[in-house]
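This briefing goes from the whole chain to its parts. Keep the structure in view while reading.

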Amino acid sequence: MKAPVSSRWWLLFGIIIVIALIGTGGLVWFTMGQPGPTLAACPPACPYTFPQVPSVLAPESVEAEQIASLFWLIVGIAGVIFVLVEGVLIWTVLKFKNRPAEQALQIHGNTKLEIAWTAAPAVILVGVMGLTFRTMVDVRAPATSRSITVNAVAQQFWWAFRYPEYTTPDGSRAIVTASELVVPVNTVIEIKLESKDVEHGFWVPELFGKMDAIPGYLNQMKFTPTTVGTYYAGQCTQYCGTQHAQMRFAVKVVTQAEFDAWVASQLEPAVEPAAGSLAEAGKAAFLDARNGCIACHVIDGAGGVGLVGPNLTNVAERQFLAGGIIANTPDNLARWLASPQTVKPGNKMVLPTKLDQPTIDALVAYLETLN
Ligand code: HEC
Ligand SMILES: [Cu+2]
């Protein structure tokens, strides 16, 4: 004679479930309400907000579409199995539920059943593995249509994008941007992924699967964007140091005509600041070795040798600065130059001296002309 499950146990079970739900919900609500360190200072240094929350379930490229389809197929298979197993379970519970004064039938194993429930999952898993391998091959298949190559270079704590095929007529300079990858729609974008220091991860959920940037090793991947517009949010996905979470980047998908115009404007030589202007003083400050800029940055046509920091040749054309964390406005630029370590603690821009306000104003005026 077996005792039925006591109602006290049901009560305890219910209480645990309710506490778990309230706890999780409360935690999510609490963390969502908390401003991060950058937000606390906002405004004026408001972080850049991407128009769209990243999602693998909103694919906007041929490859992301293939990955999402695979996901839904596996969810479908798992769903059918779930319904079958739970159905049989509920059916058994109801049909064979404990009735008073009844001796249960004693069964010791059933070879056919054992084989069946070992073989069936194995067959299903091998099938899922096959589908996965096929998708992995598909998303990495060599481009059969028009393609462009971009070197994506990761470093603590920002991304550089170099377009080796788009150079000035004399071939002396290729397009280089930071934190912002601009690509034409319906074109295969071949990414050559490198890292300058530690391991980083390259990922835009709407556009392609995750891939690591490994020092000393060239990883390759591709994506074919299908929708014009939005800045898709990218994020470093391998912990790489203090500012890993603020190592963001964006992909902007434009029409071919817009892309051509962008290329042309990126390759134009910098406009020389007018004599006696504030921008001219800024250029002098940039080139002044005491301020350190030229040790880490390059502005084509002006100077600089360093490759530690982003190429600033067309910095005014970018939507945001410092790994996609602050909008590119004159105010934010001034805050950045006044104290890069306050805006992004631990980043690799360490100034040899603190800049005074007139120098900052001049530098901002100069950097704003670089478009
Ligand atoms: C020790 C090297 C170093 C020095 C010196 C330095 N920078 Fe930087 N700079 C960096 C690095 C690294 C970053 C990227 C920081 C990040 O996002 O993590 C950066 C970012 C920037 C940015 C934002 C660019 C972008 O696209 O995100 C600007 C603008 C800038 N620096 C201007 C200057 C100016 C002007 C000076 C001189 C007063 C200067 N920097 C001196 C290393 C340096
Ligand atoms: Cu990183």
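This is a predicted model: local features need pLDDT of at least 70, side-chain atom pairs count only at pLDDT 80 or more; totals for chains, interfaces and linings use all residues.

**Overall shape**

- The C-alpha trace of the chain spans about 105 × 50 × 35 Å along its principal axes.
- Of the 371 residues, 29% count as buried.
- Contacts between residues at least 6 apart in sequence were also sorted by separation, and 67% of them join residues at least 24 apart.

**Domains**

- The domain assignment gives three entries: domain 1 (62-97 + 109-140), domain 2 (147-267) and domain 3 (278-368).
- The centres of domain 2 and domain 3, taken over C-alpha atoms, are separated by 22 Å.
- Domain 2 puts 19 residues into the contact between these two domains, and domain 3 puts in 16 residues.
- On the side of domain 2 that touches domain 3, the elements giving two or more residues are β2 (158-167), β3 (174-178) and β10 (248-254).
- The residues on that side of domain 2 comprise nine nonpolar, seven polar and three charged.

- Helix α3 covers residues 62-95, and at 1.5 Å a residue its 34 residues should span 50 Å. The end C-alpha atoms of α3 are 49 Å apart, which agrees.
- Helix α3 is hardly covered, since two of its 34 residues are buried.
- Helix α10 covers residues 357-368, and by the 1.5 Å rule its twelve residues should span 16 Å. The end C-alpha atoms of α10 are 16 Å apart, in agreement with that figure.
- Which residues of α10 are buried? They are Ala362, Leu363, Val364, Ala365, Tyr366 and Leu367.
- The cover over the buried residues of α10 includes α6 (278-287) and α8 (330-338).

**The shell around ligand 1**

- There are 32 residues around ligand 1, and Gly292, Cys293, Cys296, Gly309 and Met349 come nearest.
- By class, this shell has 21 nonpolar, eight polar and three charged residues.
- At least two residues of the shell come from each of α7 (293-296), α8 and α10.
- Which helix gives the most to the shell around ligand 1? It is α7, with three residues.
- Domain 2 (147-267) and domain 3 (278-368) each supply at least three residues to the shell around ligand 1.

**The loop between β4 and β5**

- Valine 185 sits in the loop between β4 (180-184) and β5 (188-195).
- Is valine 185 buried or partly exposed? It has 18 other C-beta atoms within 10 Å. A residue needs 20 or more to be buried and counts as exposed with 12 or fewer, so valine 185 is partly exposed.
- Leaving aside residues up to four places away in sequence, valine 185 touches Pro225, Thr226, Thr227, Val228, Val253, Val254 and Thr255.
- Valine 185 and glutamate 102 are 83 residues apart in sequence, and their C-alpha atoms are 71 Å apart in space.
- Asparagine 186 also has its place in the loop between β4 and β5. Although asparagine 186 is not a glycine, it has a positive phi of about 55 degrees.
- With 16 other C-beta atoms within 10 Å, asparagine 186 is partly exposed.

**Other backbone details**

- Alanine 322 is not a glycine either, yet it has a positive phi of about 55 degrees.
- The loop that holds alanine 322 runs between β11 (320-321) and β12 (326-327).
- Alanine 322 has 28 C-beta neighbours inside 10 Å, so it counts as buried.
- Glutamine 156 and phenylalanine 157 are joined by a cis peptide bond, with omega about 0 degrees.
- Phenylalanine 157 is in the loop between β1 (147-155) and β2.

Key
Residues are numbered from 1 along each chain as its sequence is written. Chains are lettered from A and ligands numbered from 1 in the order in which they are written. Helices (H or I, at least four residues) and strands (E, at least two) are DSSP runs, numbered from the N terminus. The expected span of a helix is 1.5 Å times one less than its number of residues. Two residues are in contact if their C-beta atoms, placed from the backbone, lie within 7 Å. A residue is near a molecule or strand if its C-beta atom, placed from the backbone, lies within 6 Å of it. Ala, Val, Leu, Ile, Met, Phe, Trp, Tyr, Cys and Pro count as nonpolar, Asp, Glu, Lys and Arg as charged, and the others, Gly among them, as polar. Domain bounds come from an automatic or database domain assignment.
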